[in-house]
Amino acid sequence: MASLLPKYTSLSHAKQLQAHLITTGQFQFRICPSRSKLLELYTLSFDSLSFAIHTFCQILTPSTNDWNAILRGLIGSPAPTDAFLWYKTMIRGSYRVDALTCSFVLKACARVLAFSESIQLHSHIVRKGFLADALLGTTLVDLYAKVGDLDSAERVFDEMVKRDIASWNALISGFAQGSKPTEALALFKRMEIVGFKPNEITVLGALSACSQLGAFKEGEKIRAYIREERLDMNVQVCNAVIDMYAKCGFADKAYLVFESMSCKKSLVTWNTMIMAFAMHGDGCKALELFEQMGQAEVDPDAVSYLALLCACNHAGLVEEGYGLFNSMEKSGVTPNVKHYGSVVDLLGRAGRLQEAYDVINSMPMVPDLVLWQTLLGACRTYANVEMAELVSQKLVEMGSNTDGDFVLLSNVYAAQKRWADVGRVRNAMKSRDVKKVPGFSYVEEKGVIHKFCNGDKSHESWREIYAKLDEIRFRIKEYGYLAETSFVLHDIGEEEKENALYHHSEKLAVAFVLISTSTGTPIHVIKNLRICGDCHAMIKLISKIYDREIIVRDRLRFHRFKQGSCSCRDYW
């Protein structure tokens with residue numbers, strides 16, 4: 001009867017077939033492949049899940065394939081967790097469940113990150129011995145990765161009897177998009193060793209990991225593989241390569257990839273390249289690229305304008321950024337809260353705090369915490385205590401309890417040596433159990449990622465690193481360096497403040513690379529927080545004294561230090 005189901009048919013034809021099955025008595029056969037295919041047609045081809053369920057309810061003894069057809073349809077429905085309820089009905093009714101049944105239910109749960117249901121289903125899968133099915137195991141790995149339980153994802157992967165390329169891709173992508181980019185790269189290498197050939201999905205995950213870590217050398221190897229296997233015919237792969245180069249500190253290399261693409265550039269391609277220039281503080285190139293985008297008849301979207309506003313922010317192009325913001329609606333793009341946040345940042349960086357405050361109050365939507373936090377950061381830069389206190393009160397009223405709000409306000413008070421107020425803010429942090437996010441930095445050396453925290457002595461070479469810092473400390477003072485102790489939020493002596501500053505994570509990372517590499521080797525540092533003013537001033541001098549190009553990627557942007565100057569022109 002399967003031959004009665006043409007590849008392309010209409011809903012009315014399908015209903016005619018159903019009528020035929022009913023009148024001939026085949027509809028109530030215990031196993032009827034045509035009936036199962038018919039249910040699939042209703043759910044997948046004709047988007048009529050309700051009619052499929054109505055038809056299913058008329059079957060006296062539905063087969064496993066009939067149940068699976070409905071479960072498959074529920075994956076894309078408005079209520080995917082209903083698949084779990086159907087599954088429980090199958091179990092209670094003693095219907096035979098197979099690996100495909102569990103796979104469909106898992107996919108439905110994964111779509112809405114239904115964690116508790118997924119755990120129950122996982123235990124059923126183990127008891128029924130279905131984990132030997134590669135597709136089912138892969139779905140489990142993917143689900144655990146998406147809900148952020150990377151340990152469980154890895155455990156399922158390790159327990160799988162049989163793995164295919166999709167299994168490896170699921171865990172590599174999960175690690176890369178989660179909190180284990182180093183492990184993602186290690187898994188990528190292990191995959192090649194055991195004989196699996198990376199495909200487009202694999203390299204996307206590996207490139208994402210390189211982007212997070214700033215692992216340029218590993219990214220270069222992956223890029224070489226992509227070219228060798230001609231995977232760069234895929235626009236998504238090209239976009240990921242552009243992003244990797246940009247986040248590893250090489251906007252020029254990213255642009256070479258952008259220019260040489262043999263596949264058609266997508267809107268994402270243009271946006272990625274504009275954001276790359278933004279991160280590197282090259283607002284003029286970002287604006288030029290935006291003009292080229294128009295010439296190529298590619299319509300900008302909300303992301304395009306956000307990237308452009310970021311570019312103007314980091315380059316100090318206040319009027320240009322403001323003009324872009326005001327032209328958005330004419331281009332058919334309605335500004336959202338992130339665009340308003342960029343304008344507030346644009347004005348705040350330029351010291352126009354009152355204008356930034358007025359923009360927030362004039363917004364057509366309710367401002368979020370990030371907007372006020374952005375303005376608070378500008379208050380820190382320009383030591384505006386009155387505005388900082390006003391903004392902090394707004395944040396308190398909105399229920400904010402993040403460490404950054406308290407630290408920024410403390411910074412404002414510390415810069416004015418108002419230690420009693422600093423103490424009051426610190427006490428408020430303690431009473432609310434607010435923990436300060438520790439600063440850390442990464443560097444890659446000989447394919448190994450080294451992580452440093454502030455005041456770190458856990459590295460095997462910490463004695464040599466601290467000795468190098470002492471040498472640096474002596475040499476930079478010959479060039480007139482004075483520690484910017486206003487960045488230390490404690491009422492302690494100047495010498496103690498200087499010692500605290502010297503052991504920031506990025507300084508430890510730079511010192512490590514100086515003792516580990518030959519003269520002239522560039523230094524690449526990835527930092528989780530914004531670089532402080534003292535580290536910025538000190539690294540500028542290190543780049544001159546030791547004749548090293550030093551690239552630091554902090555939470556917001558890139559700083560490229562060379563011969564005593566920074567690409568940000570001290571505007572960040």
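Predicted model: local features only at pLDDT ≥ 70, side-chain atom pairs only at ≥ 80, totals over all residues.
Residues are numbered from 1 along each chain as its sequence is written, and side-chain values use heavy atoms, with hydrogens and water left out.

Helix 24 covers residues 403-415; helices here are DSSP runs of H or I with at least four residues, strands are runs of E with at least two, and both are numbered from the N terminus. Its 13 residues reach 18 Å from the first C-alpha to the last, close to the 18 Å expected at 1.5 Å a residue (1.5 Å times one less than the number of residues). Of these 13 residues, 10 are buried (under 20% relative accessible area, with a 1.4 Å probe and protein chains only). Among them are F406, V407, L409 and Y413. The buried residues of helix 24 pack against helix 22 (369-381), helix 23 (385-397) and helix 25 (419-431), where contact means heavy atoms within 4.5 Å.

## A helix pair

Helix 5 (residues 82-92) packs with helix 6 (residues 99-111) at an angle of about 150°, and their axes are 9 Å apart. The axes are lines fitted to C-alpha atoms over the stretch in contact, and angles run from 0 to 180 degrees between N-to-C directions. Helix 5 is therefore roughly antiparallel to helix 6 (over 145 degrees). From helix 5, A83, F84, Y87 and M90 meet T101, C102, V105, A108 and C109 in helix 6.

## Nonpolar cores

A nonpolar core is a set of buried Ala, Val, Leu, Ile, Met, Phe, Trp, Tyr and Cys residues joined through side-chain atoms within 4.5 Å. The largest has 145 residues, of which I125, I222 and L375 touch the most other members. A second, separate core of 35 residues includes I465, C535, C568 and W572.

An open sheet of mixed pairing holds 6 strands in the order 2-1-3-4-5-6; two strands pair if DSSP finds at least two bridges between them. Strand 2 and strand 6 (565-566) stand at the edges with a single partner strand each, so one side of each has no neighbour in the sheet.

Strand 1 (residues 440-445) runs antiparallel to strand 2 (residues 448-453), joined by 6 bridges, and F440 stands opposite C453. The two form a hairpin with 2 residues between them, and K446 in the turn has a positive phi of about 55°.

Technical notes. Buried < 20%, exposed > 50% of the residue type's maximum accessible area, 1.4 Å probe, protein only. Parallel < 35°, antiparallel > 145°, perpendicular 65-115°, else oblique.
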